[in-house]
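Please open the structure in your viewer and keep the selection tool at hand.

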Amino acid sequence: MKRIHGAAAAGHQRRLAMLALAVAALTACAGNRPLEFAKPLALQDALPGHALVYLVRAPHDDGIVELELDGQPVARLPAKGYTAVQLSRGQHRLTATATGSRSDGQTSHLLNAEPDERRFFYLVQPTEVKPQTGWVAVLPKLVLIQPAIGGTPVPAGARQWQEMSEADAQGMLSIAQWVMPARRAY
């Protein structure tokens with residue numbers, strides 16, 4: 001067995017001490033703390049004879065979206081913005097016009113409102129992944145190929161309104177910013 005003397009022994013002990021500290025730090029990060037979730041937001045209730053509809057922007061969608069209900073302005077929603085509107089019974093046309101994003105445009109959706117219901121919709125921008133290009137290097141007697149890894153999401157169609165559950169809405173609302181609607185009821 002080889003013995004370590006003098007400065008080499010001190011260096012070896014320092015390395016062991018640093019390794020022990022690193023292991024202790026990693027072990028402390030993996031503690032038994034319970035997983036914590038944000039507290040649910042207190043949601044509004046529908047006015048008597050009305051339906052309450054939450055309109056939410058998807059977090060990854062950029063630009064500003066102008067909302068209208070039956071031709072009446074509702075709100076300007078930034079990315080991660082949301083609003084809630086009270087709708088009278090019947091069918092309503094919701095129009096969203098996007099500006100200042102990679103995919104400007106307009107989309108409409110018909111909503112059927114029933115009294116005392118609470119519904120949640122989010123505006124989603126369909127995307128597809130544009131692959132990144134790799135590279136090829138040709139050297140004497142050697143060809144190196146680096147394949148592409150990953151890609152960039154790009155808009156792939158018009159935005160669409162999708163209905164979601166209250167549980168999903170709670171998650172999106174917890175990271176979103178409230179925007180006051182232009183009117184209380186439509």
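Begin by selecting Tyr 54 and Phe 120, both of which are buried. Please bear in mind throughout that the model is predicted. Show the two rings: Tyr 54 and Phe 120 form a stacked aromatic pair, with 5.2 Å from centre to centre and 20 degrees between the planes. Tyr 54 belongs to strand 1 and Phe 120 to strand 7, so that the pair links distant parts of the chain, 66 residues apart.

In total, the structure holds three aromatic pairs.

Now switch to a cartoon view. Which strands make up the open sheet, and in what order? There are five, arranged as 12-7-1-4-13, and their pairing is mixed. Select residues 160-164 and 177-178 to see the edge strands, strand 12 and strand 13, each of which pairs on one side only.

Turn to strand 4, residues 81-88. Is strand 4 mostly covered or mostly uncovered? It is mostly covered, as seven of its eight residues are buried. Strand 4 may then be examined through its two partners in turn:

- Strand 1 runs antiparallel to strand 4, and seven bridges join them. Select Leu 55 to find Thr 83 of strand 4 opposite.
- Strand 13 pairs with strand 4 in the parallel sense, over two bridges. Here Gly 81 has Gln 177 as its bridge partner, and Tyr 82 stands opposite Trp 178.

In soluble globular proteins, nonpolar side chains tend to be buried together. To see such a group here, select Leu 55, Leu 67, Val 85, Leu 87 and Trp 161: these have the most contacts inside the largest nonpolar core, which has 21 residues. Among the elements that give two or more residues to this core are strand 1 (50-57), strand 2 (64-69) and strand 3 (72-77). A second, separate core has 12 residues, including Ala 58, Phe 120, Met 164 and Ala 169.

Finally, centre the view on Leu 67. What is Leu 67 in contact with, leaving aside its neighbours within four places in sequence? Its contacts include Leu 55, Pro 73, Val 74, Leu 77, Thr 83, Ala 96 and Trp 161. Leu 55 and Trp 161 were both selected above, among the residues with the most contacts inside the largest core.

Methods:
Residues are numbered from 1 along each chain as its sequence is written. This is a predicted model: local features need pLDDT of at least 70, side-chain atom pairs count only at pLDDT 80 or more; totals for chains, interfaces and linings use all residues. Side-chain values use heavy atoms; hydrogens and water are left out. A nonpolar core is a set of buried Ala, Val, Leu, Ile, Met, Phe, Trp, Tyr and Cys residues joined through side-chain atoms within 4.5 Å. Buried means under 20% relative accessible area, exposed over 50%, partly exposed in between (1.4 Å probe, protein chains only). Helices (H or I, at least four residues) and strands (E, at least two) are DSSP runs, numbered from the N terminus. Contact means heavy atoms within 4.5 Å. Rings of Phe, Tyr and Trp (its six-membered ring) pair if their centres lie within 6.5 Å; planes under 30 degrees apart count as stacked, over 60 as edge-to-face and the rest as tilted. Two strands pair if DSSP finds at least two bridges between them.
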